[in-house]
Amino acid sequence: MERLQQRNHRPWPLTRWLAYVETTSLAALIFGLPWILGGRHPWGRLYLVVGALIFTGAWSLRNIFLPATHWRKIPGWPLLLLGGILPLFQLLPMAPSLLEFLSPRLMNLLPLHFASPGSSPFFPWERLSLHPSATQAAWSIYISYVLFFAVVYQRLHSVGDVERMQRWIALSSLLMAIGGLFFYWFGGERFLTLYDHPLYSATGEVKASFANHNHFAHLLALGIGPWLWWMMNMCRGRTREQVRRTGANRQYLQGTPLWLFFVGGTLVIISAVWGSGSRGGLLVFGCASLIGVAGLLANPTTRRQGIYLLVALAFGGSFVMWSPRAPASPDAAADLLSGDVERLDRQGLRRQLWAAEMRAIHDFWRMGSGFGTHREVCPTYFAPPVDREFTHAESGYLQIFLEGGLPAFVLLITGVTLILQQCSRLLRTTFEGQHAGLAASIVASIAASLLHAAFDFVWYIPSLMVITLVQIACLFRLRELVSVSPSTSSVPLQPLGLQLRFAPLAVVLFLGTCMLRIQAPEALAALHWDRYLHATFSTDKSQQGTLGVGGRDAMATEWDHKAAQPDTTDVWAVQKEHLIRVLEANPYHARAHARLAATYLRLFEQRQSRSENPLPLREIAKTAHASASSDVHAWKKWLKNLTGPRIEYLQQASWHARRAVQLCPLQGEAYLYLRETAFLEHDNQNLQDSLLEQALHTRPHHGTILLEAGQTAWERGDFDRGLAFFQRAYATSPEHGARVRRLILGNEPSPSRLEFFIREFAPSSDVFGTLIADMADPPEFLWQALAHQAVREARKSDGRQAVEKWRLAHAAFREIGQDAWAIKAARSALALQPTDYRIRRQLAEYFAELGKIPEAREEITWCLRRQPTDQTLLRLWKQLETIDSETDVSRKTEPVSLAARDS
């Protein structure tokens, strides 16, 4: 009977195999997900979902076959449940009255979608989320996190399990640091030498497979606490009982080889963080390191190890900073130590973004704009000084408040408070026992995440969130384990009956089906979307996605589609094919619909220009509107004869633009495309005006929309309103500024138009330079305006930029014959950079031209010391010598002897 009972409790081979699958999938998420662009790419998100489903599914299935199954009550489970319900509530169709109560801003933001059914070409908007497909994707990621956290929490049966998780996190950070340094020195622009991202480059900083160097540094900050604990735990002395239990091999590992491994690993991690050049990463890395060491110093039993680790960190940091072989970290540490906000946020973009976030939160504070909608909502409130897009809020707290409203923010603050409370209790408890280092490593990682999320979007990077969730699960389990007894391996559990054992598996299967149906189309569409972006953007990726904090890739960059298009029909056709494939994989891709509508319009305009009747689309629309009659059939026949088979492009553009705003009503450009094709439906002028107003409501700072509004007002004689729109469009980006300049000045600008343009638009010195270069005989007042504008910009600038502006002012003053100002501008440039050879040479030639021979000889002498073979200066010197000999002003001196004497 006894043997039969033992056989019944023996684990099945299937359960052992499922346990292996469970452990492997957990390791794959911790070690593998960071290498897929940190999980930020759609394929990384699909990897997360599939990995979480395999992990939770294997655990659920294994529990069915175990003789005894138990379930631990998850801390804060009501918060997790409400967090999963809130996005679903945002997706529910609602009556207009309820929608107006929960989100009053929607009525003013989308007037065309809330108009009477007969006057609106769209279905009325019925949801709180302004981008339902993005909210569904965000919900699927959140559910993946919840399932992953729940099972990790259930798997931590003992302190040894918690220690294993810390070792995994430390090893994952070390591997990422090694990879970052390797690809920094030996890699190219492709990530992992395999993937060519259309917007980001792998060069520039140490960032391994992360598109953003800040997130790479954050991963190392999450791992430094576990690494320090592992190093202390493995390298400290062992008792006789531990040596007897671990054996001779383990005793051997306490010697030099293990110390070399940990010392070398510490140097690698510090070098990688330093080379990332991330100010925020350096800050949270330092904080996490100090917390990890402080946890050891606070406990008398580990104080000596804490002192050793503190000395090792100080020595390693000094060695890396002064090592000539270490990767450079330009001014990151200096900016942090200065504490100057202007240095930390050089262009002020982050502060402007946060101010825009607060304005958006003021409008959507009740229930949010919808999870995952920040990318579409932000342009409504933020007017960047350059054409740039912010995919995230650069603050996890602000973005959650904006997208989820007050309910989500309350849940977030409650969860953070619960976590901090457990951290405090754990530290107080474990300082009395033997787990001080382990507790400090966990608290260090969590503190790094909570701190860095205040000024970056680290919570929206799946690989970083996976490690953070593991640490939170370890926090709660370690607190439970040590609160019972230091030697207790587990705490009492709630047994599950046979019927309830199938419930977790059923939940995983149901949720997994929903999540895969959401994430799989996005991943498949991403392949073709990347190809479309490759075909669209041919600019230098190193200049894209740069936030004013000294780092790149903080946000993705998608410039105005029509302005960035190359003038090649073949490229447009290629883009059309890629976009069609995107929509075949994911029909709910709102941006792809809008981009495809724009591509069809470009193809129509190009082929229309080569036809027998090359009327542009704007003129066709005016003619069609003027020729509209009561006989709609005859009118459509006339229109088809006018455009020929090319009308199909217009019809496709109209359909895709309409579909884009139905999926996401914030696609402002799509309203313009609908406006350009509205005449196809025999629509009246009022609808075209309504579409333009709707575009201005959703994208009030978009250059293309402002240009269209300005041009429309200008054509109708409303010059004041048109000028206001043109001025706003001019400030959005250099590309839109050039288009405004062409509209105002034309091909051959008259002096009166130039004066009007200078007075109303206050162009920069670069624009003045472009105007002068485009004119055969620029007037003198244009040179004078260039000179004074360059002086104003030079006085507001510093460094190399100020030097270039003073040089430009010198050239302009020299052109109009204002010698005193020209010399003063050159002297100002030399005061900023006395060793600039170009300025010295330019000034020498100018002094010679003015007949100031001593001053010219002084500058020529300085230049010849550095360039003794400059033939132009040598000829100029001989000319000055000839003048001297004729006028007997000074004695002859050979330049070579002068150079030899001065040297």
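Contact means that heavy atoms lie within 4.5 Å.

Figure 1. Helices (H or I, at least four residues) and strands (E, at least two) are DSSP runs, numbered from the N terminus. Of the contacts between residues at least 6 apart in sequence, 73% join residues at least 24 apart. Buried residues, meaning those under 20% relative accessible area (1.4 Å probe, protein chains only), make up 53% of the 903 residues. Residues are numbered from 1 along each chain as its sequence is written, and side-chain values use heavy atoms, with hydrogens and water left out. Because this is a predicted model, local features need pLDDT of at least 70 and side-chain atom pairs count only at pLDDT 80 or more, while totals for chains, interfaces and linings use all residues.

**Figure 2. Helix H7 packing with helix H22.** Here we meet residues 132–155 (H7) and residues 502–536 (H22), whose axes are 9 Å apart at an angle of about 130 degrees. Axes are lines fitted to C-alpha atoms, for helices over the stretch in contact, and angles run from 0 to 180 degrees between N-to-C directions. H7 and H22 are therefore oblique to each other; angles under 35 degrees count as roughly parallel, over 145 as roughly antiparallel, 65 to 115 as roughly perpendicular and the rest as oblique. Their crossing is left-handed, a term for a near helix turned anticlockwise from the far one by less than a right angle. Look for Trp139, Ile143 and Leu147 among the H7 residues that meet H22, whose own contributors include Leu511, Met515 and Glu522. By class, the contact has nine nonpolar, five polar and one charged residues. Ala, Val, Leu, Ile, Met, Phe, Trp, Tyr, Cys and Pro count as nonpolar, Asp, Glu, Lys and Arg as charged, and the others, Gly among them, as polar.

**Figure 3. Helix H3 beside H22.** H3 covers residues 42–65 and packs with H22 at an angle of about 165 degrees, their axes 9 Å apart. That makes H3 roughly antiparallel to H22. The crossing of H3 and H22 is left-handed, and the residues of their contact divide into 20 nonpolar, five polar and two charged.

**Figure 4. Trp806 in helix H36.** H36 runs over residues 799–815, and Trp806 is buried there, with a relative accessible area of 11%. Val791 is 15 residues away along the chain, yet the C-alpha atoms of Val791 and Trp806 are separated by 6.4 Å. Leaving aside neighbours within four places in sequence, Trp806 is in contact with Val791, Ala794, Arg795, Ala825, Ser828, Ala829 and Leu832.

**Figure 5. Helix H38 and the glycine after it.** The 14 residues of H38 (residues 837–850) should span 20 Å at 1.5 Å a residue, and the end C-alpha atoms are 20 Å apart, which agrees. The expected span is 1.5 Å times one less than the number of residues. Several H38 residues are buried, including Ile839, Arg840, Tyr846 and Phe847. Gly851 follows H38, with a positive phi near 85 degrees.

**Figure 6. Two loop residues, Ala208 and Glu394.** Ala208 sits in the loop between helix H8 (159–186) and helix H9 (213–235). Although Ala208 is not a glycine, its phi is positive, about 55 degrees; at 5% relative accessibility, Ala208 counts as buried. Glu394 belongs to the loop between helix H18 (374–381) and helix H19 (396–430). Glu394 has a positive phi of about 60 degrees without being a glycine, and is buried, with a relative accessible area of 1%.

Definitions and conventions:
Buried means under 20% relative accessible area, exposed over 50%, partly exposed in between (1.4 Å probe, protein chains only).
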